[in-house]
Protein chains: 2
Amino acid sequence: MSAAAPAPLPPAARRFLADLFPGDAAVFSPEETCVFGTDASRRQALPAAVVRPETEDQIRELLRFAHAERLPIHCRGRGTNTVGDCVPAPSGIVISTARYADILEISEDDFVAVCRPGVVTGDLQAALAKKRLFYPPDPASVRFSTLGGNAATCAGGMRALKYGVTRDFILGIRAVLPGGEVIVTGGRTHKNVAGLDLTRLLVGSEGTLAFFSDITVKLLPLPEATATALCAHADADAALAAAGDIFRAGMLPAAMEFVDRTCLAAVAALNPLPWTQTAGAALLVRLDGSEGALAADLARLERVLAGRTPLFVQTAREKADQEALWEVRTTLNQASFRVAPDKLSDDVTVPRGAIRTAVARIQAVAARERLPILVFGHVGDGNLHVNIMHHAADPDQRGRALAAREAILDLTLALGGTLSGEHGVGLSKLPFLDRQIGPGERGLMRRIKAVFDPHGIMNPGKAY
Amino acid sequence: MSAAAPAPLPPAARRFLADLFPGDAAVFSPEETCVFGTDASRRQALPAAVVRPETEDQIRELLRFAHAERLPIHCRGRGTNTVGDCVPAPSGIVISTARYADILEISEDDFVAVCRPGVVTGDLQAALAKKRLFYPPDPASVRFSTLGGNAATCAGGMRALKYGVTRDFILGIRAVLPGGEVIVTGGRTHKNVAGLDLTRLLVGSEGTLAFFSDITVKLLPLPEATATALCAHADADAALAAAGDIFRAGMLPAAMEFVDRTCLAAVAALNPLPWTQTAGAALLVRLDGSEGALAADLARLERVLAGRTPLFVQTAREKADQEALWEVRTTLNQASFRVAPDKLSDDVTVPRGAIRTAVARIQAVAARERLPILVFGHVGDGNLHVNIMHHAADPDQRGRALAAREAILDLTLALGGTLSGEHGVGLSKLPFLDRQIGPGERGLMRRIKAVFDPHGIMNPGKAY
């Protein structure tokens with residue numbers, strides 16, 4: 001999609017920004033700003049300016065000015081958002097957190113870390129692991145995406161099954177409001193019920209309420225070890241039935257991932273699969289815990305899995321062996337682009353018990369629209385990633401892909417699901433939101449936004 | 001404390017209520033209403049009326065009328081709140097959920113339950129256990145308090161350490177707003193990031209935003225088994241150091257409870273303790289998991305605990321044996337009233353690493369004010385329950401108890417803590433809230449309340 005030309009920034013505004021952000025901390029030319037005008041949604045719009053603050057005072061001054069001048073503000077980490085949350089409005093000012101990216105504190109005694117929003121979540125996890133501490137949320141982008149972006153979208157990931165999502169690990173936020181006021185929500189205690197829960201209102205607000213200046217997260221002890229089981233089944237029903245058996249045995253794995261036959265075919269085109277028969281689906285299960293307990297749990301898992309007579313089962317405890325098993329899942333994105341050059345990607349989520357039906361109906365949509373649709377995701381959360389593969393340059397294929405997408409969103413809602421389990425609404429799901437959320441609830445959201453942002457400068461046109 | 005006389009209900013309002021709630025579904029006489037005018041805070045005020053709806057239509061009609069007539073509305077479960085959240089305003093109307101208490105659905109496939117607010121949480125847990133399902137939040141009142149009340153206060157409990165608090169298990173709420181509009185927040189999917197998080201804004205709002213008509217909770221598979229370890233130490237420092245060792249070993253117990261020497265003395269007066277030496281503190285640890293893994297984890301825990309050479313250690317895996325070990329904690333409330341007839345009770349919470357300092361400072365306050373102060377609680381959450389025992393009828397003791405309370409709240413905040421980890425603010429902590437939460441944040445809370453409740457009829461004067 002081509003970028004809209006930015007509305008020109010008033011000269012006084014440009015001077016203000018250049019003074020507040022000296023040197024290359026502010027850029028204005030399309031050559032320099034265009035990379036900040038897109039995200040993983042592949043949508044694009046040119047911002048009027050990009051600024052890279054290094055201090056909270058700069059952010060306060062900027063939000064005071066933008067509030068007074070009614071200039072749109074877009075907070076941006078690494079631009080991995082898939083629904084257009086980082087795509088600016090014309091005349092919008094992008095705040096890049098690239099230079100506002102310190103881990104301020106890791107407290108081994110309090111089991112908290114305090115970070116600037118630009119910290120890459122994977123970097124935080126690596127720093128924590130050295131101290132045997134653990135921040136569980138693991139969106140697929142974890143090695144590239146930032147804690148600020150993860151907080152703004154309430155990012156999920158595979159480990160949500162056992163540990164919960166970003167929301168469940170954010171204890172407090174220091175935030176700058178439009179107008180420049182700083183608020184501090186929550187704190188560094190693991191429990192806190194004083195007043196309305198402003199912290200969780202900020203989490204998942206997709207940049208529409210405030211700039212997150214620093215973020216306090218809850219940490220857990222790092223589990224001593226992990227183990228993995230990979231099994232292949234004749235069809236999706238058998239794999240999902242096995243997943244149900246695991247829950248019924250009272251087990252709560254750290255992750256449980258499903259990949260359908262279209263995924264397996266795509267992956268097999270890159271690397272041979274570890275089984276010879278034609279499998280209709282695979283299940284990947286990760287357990288964690290202390291060494292001794294894990295051995296017992298893994299043996300139990302093997303007994304449970306055997307009950308559905310899978311085509312193939314393999315378990316691993318060594319790190320390298322585990323990673324080899326996970327390749328069925330980790331090479332998926334790369335493999336998908338061998339299927340077709342373009343994808344429409346969604347993270348629809350249904351009640352856990354409706355997954356089998358959802359997978360079957362999505363596969364029926366794929367057959368009807370004659371497009372390969374990769375279906376994989378987090379079984380325990382009912383969270384299915386759906387990649388509708390097509391050639392966007394072919395109008396007929398593009399039309400069928402869009403029709404498939406709409407059918408998948410509708411079937412998700414018909415099953416009591418949600419348009420988004422972890423990516424957010426952004427721009428790309430906004431046209432569909434009325435099908436899920438009523439006017440009363442959306443009215444409340446807009447009026448709450450007005451409490452924080454009366455002039456509507458924060459990421460306008462997104463989310464709700 | 002004596003009850004204030006209720007403001008008389010206007011005759012038209014009384015007729016309206018009597019028509020909407022026929023028979024004994026509405027009561028007006030002080031004899032019948034007085035029991036609904038108090039809660040576990042021991043504060044009291046007479047409501048003008050108590051109604052017991054059986055349908056949502058009645059609640060909608062009531063909230064439409066109360067909104068138009070500016071009549072205070074107080075939602076009430078079983079009145080176990082300890083901070084006065086259930087104590088009505090003069091001329092207030094209490095909505096009792098006693099007849100609005102059905103478990104509407106338990107879905108073994110979706111891992112959700114849908115309940116009316118009046119369901120007693122312990123009853124829900126018992127019904128779930130029969131299906132090997134698990135709703136973890138376990139406030140001390142769990143056998144008496146309701147899911148609606150637990151949601152309104154974001155109740156915690158011992159298992160919060162591993163599983164999180166009520167907030168982390170509420171997926172969606174159907175709520176009636178002042179004016180009678182019904183909103184539906186969230187849903188029944190385990191992940192959901194569509195729009196602002198209205199669900200968690202309602203959780204913990206202490207009855208100030210809306211009436212919760214039904215509540216959808218997330219369920220886990222019931223762990224196969226639990227095990228308990230009880231150990232006694234020479235002093236609080238040693239016990240708390242042992243707690244730190246458990247975390248450093250990478251273990252995340254289902255519960256980890258601390259009781260101080262004053263608690264042990266109180267309990268010993270009821271039943272002999274299982275050790276002979278004079279212990280300064282005890283630690284109770286509960287593990288859960290599958291049978292095989294639990295055996296390994298328990299052995300590991302024993303090795304970790306041995307590292308601090310405790311005065312006494314005992315472990316148990318049979319249910320009855322575990323309960324016997326837990327008596328040190330479960331008989332505390334009963335034992336406390338042998339120490340003195342009255343208590344000021346708080347649930348202060350500090351960052352995890354500050355617990356040792358907090359316990360020492362609270363014990364210093366006890367010495368200074370010459371009052372027995374029981375200190376116990378959830379070590380992993382930094383959540384300390386503090387019972388200041390005294391004779392309220394003795395003005396000197398009462399004065400010292402109040403001084404001790406204020407000192408404890410202040411030392412908590414000085415350590416970066418919060419006034420409330422799980423009880424809420426209600427009436428009794430409201431005078432102190434300004435010490436924790438700034439005017440900017442409280443202003444936001446009040447303006448958000450006005451979005452839901454423009455005339456301020458929902459539990460006025462509480463929480464923030």
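A nonpolar core is here a set of buried Ala, Val, Leu, Ile, Met, Phe, Trp, Tyr and Cys residues joined through side-chain atoms within 4.5 Å. In this predicted model, the largest such core comprises 201 residues. The residues with the most contacts inside this core are A:Phe258, A:Leu283, A:Ile373 and A:Phe452, together with B:Phe258, B:Ile373 and B:Phe452. Beyond its neighbours within four places in sequence, A:Ile373 is in contact with A:Asp260, A:Thr262, A:Ile362, A:Val365, A:Ala366, A:Val386, A:Asn387, A:Ile388, A:Ala404 and A:Ile408.

Chain A is superposed on chain B by a rotation of 180 degrees with 0.0 Å of shift along the axis, at an RMSD of 0.0 Å. The two copies are therefore related as by a two-fold rotation axis. The C-alpha of chain A nearest this axis belongs to A:Ala293, at 1.9 Å. Because 100% of the interface residues of chain A are also interface residues in chain B, the copies meet through the same surface.

The domain assignment divides chain A into domain 1 (103-221), domain 2 (225-330) and domain 3 (340-423). The C-alpha centres of domain 2 and domain 3 of chain A are separated by 23 Å, and 16 residues of domain 2 are in contact with 15 residues of domain 3. These two domains of chain A bury about 1,300 Å² between them, 61% of it on carbon and sulfur atoms. On the domain 2 side, A:Leu240, A:Phe247 and A:Phe258 lose the most area to domain 3, together accounting for 32% of what that side buries.

Polar interactions were also identified across this interface of chain A. Between domain 2 and domain 3, one salt bridge and five residue pairs in polar contact are found. A:Asp237 forms a salt bridge with A:Arg356, with the closest N and O atoms 3.7 Å apart.

Terms used
Residues are numbered from 1 along each chain as its sequence is written. Chains are lettered from A and ligands numbered from 1 in the order in which they are written. This is a predicted model: local features need pLDDT of at least 70, side-chain atom pairs count only at pLDDT 80 or more; totals for chains, interfaces and linings use all residues. Side-chain values use heavy atoms; hydrogens and water are left out. Buried means under 20% relative accessible area, exposed over 50%, partly exposed in between (1.4 Å probe, protein chains only). Contact means heavy atoms within 4.5 Å. Copies are superposed by least squares on the C-alpha atoms of residues with pLDDT of at least 70 in both. Domain bounds come from an automatic or database domain assignment. Buried area is the accessible area (1.4 Å probe) that two parts lose on being put together, summed over both. A salt bridge is a side-chain nitrogen of Lys or Arg within 4 Å of a carboxyl oxygen of Asp or Glu. A polar contact is a pair of N or O atoms within 3.5 Å; within protein, one must be able to donate a hydrogen and the other to accept it, and residues adjacent in sequence count only if both atoms are side-chain atoms.
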